[in-house]
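Here is a short briefing to read alongside the structure. Take a moment to look it over, and then we can walk through a few spots together.

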Amino acid sequence: MAASKEQIVVALCKAYNMEVETILNYLANSLHLDGVRADFIKQALAADIQGELTHAQQLGNRIKQLGGTVPGSMKIHMTQRYMQPPEDTTDLVTIIRGVIQAEEEAIEQYNAIIKLTDGIDYVTQDLAVTILGDEEGHRQHFQGYLKEYAKG
């Protein structure tokens, strides 16, 4: 059974929500972490904020094009407990693992959008494929950081 426009908008809104929450958590952690070893991770998080913001803007534009309403702050549902700034401001491994988990969840959502729109909405599908590639790249970078930082 073909997906409806409403189902596609719901999936896009979920992805938008995920991007906005990731921006907030990357920002918080890019400011919160301490230590010499933290500088590189803080810079990587700060740089990734712009990429995630671009994704949210692209998703919001597509939601609007499909006749949906772009979610405001009262419609955003926060679920990334694993990305909260740690009590130990030098706990980089927890944040790196959190980033990897956030990217894996985003990858799962974009794969779902790709399947949902296959043969129905090529514009949304193309957008999801493009963002999926970005998210896979972000995950790969942080998997590399984990290899180094988990050594201790």
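Let's start with a polar pair: the side chain of H138 makes a polar contact with the side chain of E52, at 3.0 Å. Please keep in mind that this is a predicted model.

**Around H138**
- You will find H138 in helix α4.
- H138 counts as buried because its relative accessibility is 11%, under the 20% cut-off.
- Beyond residues up to four places away in sequence, H138 touches D48, E52, H55 and E103.

**The largest nonpolar core**
- The largest nonpolar core has 43 residues, and I41, L45, L59, I96, Y110 and F142 touch the most other members.
- At least two residues of this core come from each of α1 (5–32), α2 (38–65), α3 (92–117) and α4 (122–149).
- Helix α3 gives the largest share of the core, with twelve residues.
- If you set aside neighbours within four places in sequence, I41 is in contact with L33, I96, F142, Y145 and Y149.
- As background, nonpolar side chains tend to be buried together in soluble globular proteins.

**The largest pocket**
- The volume of the largest pocket is about 230 Å³.
- Its lining is made up of 13 residues, and those nearest the centre are K14, N17, M18, T79 and Q109.
- The largest share of the lining, five residues, belongs to α1.
- By type, the lining of the largest pocket holds five charged, four polar and four nonpolar residues.

Conventions:
Residues numbered from 1 in each chain as written. Predicted model: local features only at pLDDT ≥ 70, side-chain atom pairs only at ≥ 80, totals over all residues. Heavy atoms only, no water. Core = buried A, V, L, I, M, F, W, Y, C linked by side-chain atoms within 4.5 Å. Buried < 20%, exposed > 50% of the residue type's maximum accessible area, 1.4 Å probe, protein only. Helix = DSSP H or I, 4+ residues; strand = E, 2+ residues; numbered from the N terminus. Contact = heavy atoms within 4.5 Å. 1 Å grid on protein atoms, 1.4 Å probe; cavity = no way out; pocket = protein on both sides within 12 Å on 5 of 7 lines; lining within 4 Å. Points joined across faces, edges and corners; volume = space filled by probe spheres on them. Nonpolar A, V, L, I, M, F, W, Y, C, P; charged D, E, K, R; others polar. Polar contact = N/O pair within 3.5 Å; in protein donor to acceptor, adjacent residues only side chain to side chain.
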